[in-house]
Amino acid sequence: MSDQWTDRLSEYLDGELPPDRRAELEAHLRHCVACGAVLADLKRIVTRAQGLEDRAPERDLWPGVAARIGAAAPGSRRARPSGAPRRRWSFSLPQLAAAGIALMALSGGAAWLLRPLGRVPLASQPSPAATRWEARQLPGQGDGGVLAVAARPRGERSYDAAVADLERVLEAGRGRLDTATVRVIVRNLATIDSAIAQAQRAVAADSANLYLNSHLAETMRRKLELLRQAATLVSSVS
Amino acid sequence: MTPPGTGATTLQHEASGRTDPDAVDATLAASGDAHAFERLYRGHVNRVASLVRRMMGDEDTDDVIQDVFVRAWQKLATFRGESAFGTWLHRLAVNVILGRRETLGIRRQRHLDGDAVLELVPGRRTTPEISMDFEAAVERLPDGARQVFVLHDVEGYRHEEIAGMLGVATGTSKSQLHRARMALRQHLER
Amino acid sequence: MLLSLVHLALAALALTQQVDTTVSVQQGQRLVVDAYGGDIDVKTWARNAVRVEADAGSRTHVEVVTSAGAVRVRTEGHRGPPSAVDLRITVPVWMGLDMSGVYTDVTVNGVKGPVNVETVQGEVDVTGGAGLVSLRSVEGAVTLKGAKGRIDVHSVNDDVRVSGSSGEIVAESVNGEIVLERVDATSLEATTVNGDVGYDGPIRSGGRYELSSHNGDVTMAVTEQTSASVTVSTFSGEFESAIPVTLRETRKGKRFSFTLGAGSAQVSLESFQGTVRLVRPGAATTSE
């Protein structure tokens, strides 16, 4: 069915007809049973459409998503934050790269010191491809395993942005936490900050030292982790 | 617990003065917290999955659903809390879906099929589940009509927005919507 | 006079409600507890049922709801936050536990399923657990005994102790020590900022063991039979060993490597300014 009247019924239903057209159509509807029936049908369709319920996917797609974002092991299906045992790796490489730090698993026993070249994009999360690395083999380094690389001040700004964001969440929400909990969090953040400061001074004096660099990275990660935990607390009591 | 008054932050909705828990999780996730992201996933996957399914018709949708969340993870830093996280995610999902269709080479000219639209929806045998029949009928609409119908009637976007997303004129969006609704009439229970 | 005493007695009863609910359960269902204050004490029995006992104040409501996947226990305040409720819950041995609270001490005894516990100001003490065992507290100590599987134990402001357990272990604290004794770890990450770390247990061939602290001492028990490639790193701390070692190389900033036996496990011992020690079994985790 298609004519000048029925063609306008959808626009009429949606309130999109100009006033004169609307008046015309309403006059027509007063004596056209067929059009009235069509209009009623269209209303029901819209109502049905608005009432359609969301349905879950056939299977749980989280493991696939987790694998692609480099997150914790699939199978962690809890609604609450829970630590999968490999939480140290819950930072994907792009996030660590954003802090100017990369953990590279080595093969073949060679040790490399990697430094980012050029600008690390600040606003977005850089993919490993977006961060070009200069590789320089260290003399006498022969142990395989995982090594950290030099943290560059420029790259630290994405880490700083994440820390700042979380500190804002905490500041906004700390009234919801009781004072004892706030004290504990503040005290522990101070402990970690002090450790970070000591590690930074040590790295400044010996920037090629792989242990110091990885220790600094790890301590910075601990701070972020504690802030995240505190922010989660804030959100869970809101 | 009564939320105390606090200063405005980008995470608060001014109207309610309460912090959107999704926004907190989004901040956590943007800093690398995959568990926070999983919470967001669990909270929104049904809506995203339904949108993908309805927009893409019969095609295999699991990949696209995952694509949406992977893209959301990559773009988290751009979520500033000005809208609700669900709204932001939904827009992103629509972009992923439409972008996907372009790479699959589906041409937009199918929006202009005209009367052929009405003939392409086969009548389905009645099933006990009326709702599934209706939803299945939506999925069988031709691409252009289906996308407009889903975006307008199911998801609530306006024609101007839909026209922008699909790259068609507003008038085309309106006529496609009407055609979709008319084609669905036969699938209403009597 | 008598009437007012009766009124008082009735009023006192009305202030507390006794909760004693038992629901039957099936394999695969979890126990989910969402508490606020008070203790959660979980024991096991041979029945396929969950029993929840509590003494709740009049301001607090204890709700027990069964669904296909779980038995959920919640404490809720009628107005505002709930007051403290001590929950005593008995579950089948196979049941997985998922429990959280704020001012909540959690004690669990005897379960053989996955355990997930989170509390803010409270201690966690679990004996048992298999599969995924994750225990977290912000303020309180976390203690785990007799667990098997993937173990993840965290406290922010207090100690973490694991004993008589096995599997892949992650133990973290910020202001607390980490003590792992009679622990058979196939992989281990134990790290704290302000406290000591001690490990006393087998060192498995092919295993990875990483112990680190910023301020505290890091101690690992070894014997002449231990087979491990060991890297010791420190900034301003010392290194001591109860068994003879040959340093393979010394790097600037105090980083040494050496091999024990065939070197088949990977061990990394780090302390920024504390002492790294290799000791005999039994000496690694001696309480002070």
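**Salt bridges and cores in a predicted complex**

Reader: Is B:Glu160 buried or partly exposed?

Author: B:Glu160 counts as partly exposed, at 46% relative accessibility, where buried means under 20% relative accessible area, exposed means over 50%, and partly exposed lies in between (1.4 Å probe, protein chains only). Residues are numbered from 1 along each chain as its sequence is written, with chains lettered from A and ligands numbered from 1 in the order in which they are written.

Reader: And which residue forms a salt bridge with B:Glu160?

Author: The partner is B:Arg158, with the closest N and O atoms 3.7 Å apart; a salt bridge here is a side-chain nitrogen of Lys or Arg within 4 Å of a carboxyl oxygen of Asp or Glu. B:Arg158 is partly exposed too, with a relative accessible area of 49%.

Reader: What else does helix α8 of chain A hold?

Author: A:Glu218 and A:Arg221 both lie in this helix, which covers residues 210-236, and they sit three residues apart, about one turn of the helix; helices are DSSP runs of H or I with at least four residues, strands are E runs of at least two, and both are numbered from the N terminus. A:Glu218 and A:Arg221 form a salt bridge, their closest N and O atoms being 2.9 Å apart.

Reader: New topic: which residues touch the most other members in the largest nonpolar core?

Author: Among its 99 residues, those are B:Phe37, B:Phe69 and B:Phe149; such a core is a set of buried Ala, Val, Leu, Ile, Met, Phe, Trp, Tyr and Cys residues joined through side-chain atoms within 4.5 Å. A second, separate core has 67 residues, including C:Ile40 and C:Val133.

Reader: What pLDDT does chain C average?

Author: Chain C averages 89, with 91% of the residues scoring at least 70; pLDDT is the predictor's confidence in each residue, from 0 to 100. For the complex, the predictor gives an ipTM of 0.85 and a pTM of 0.57.

Note on methods:
This is a predicted model: local features need pLDDT of at least 70, side-chain atom pairs count only at pLDDT 80 or more; totals for chains, interfaces and linings use all residues. Side-chain values use heavy atoms; hydrogens and water are left out.
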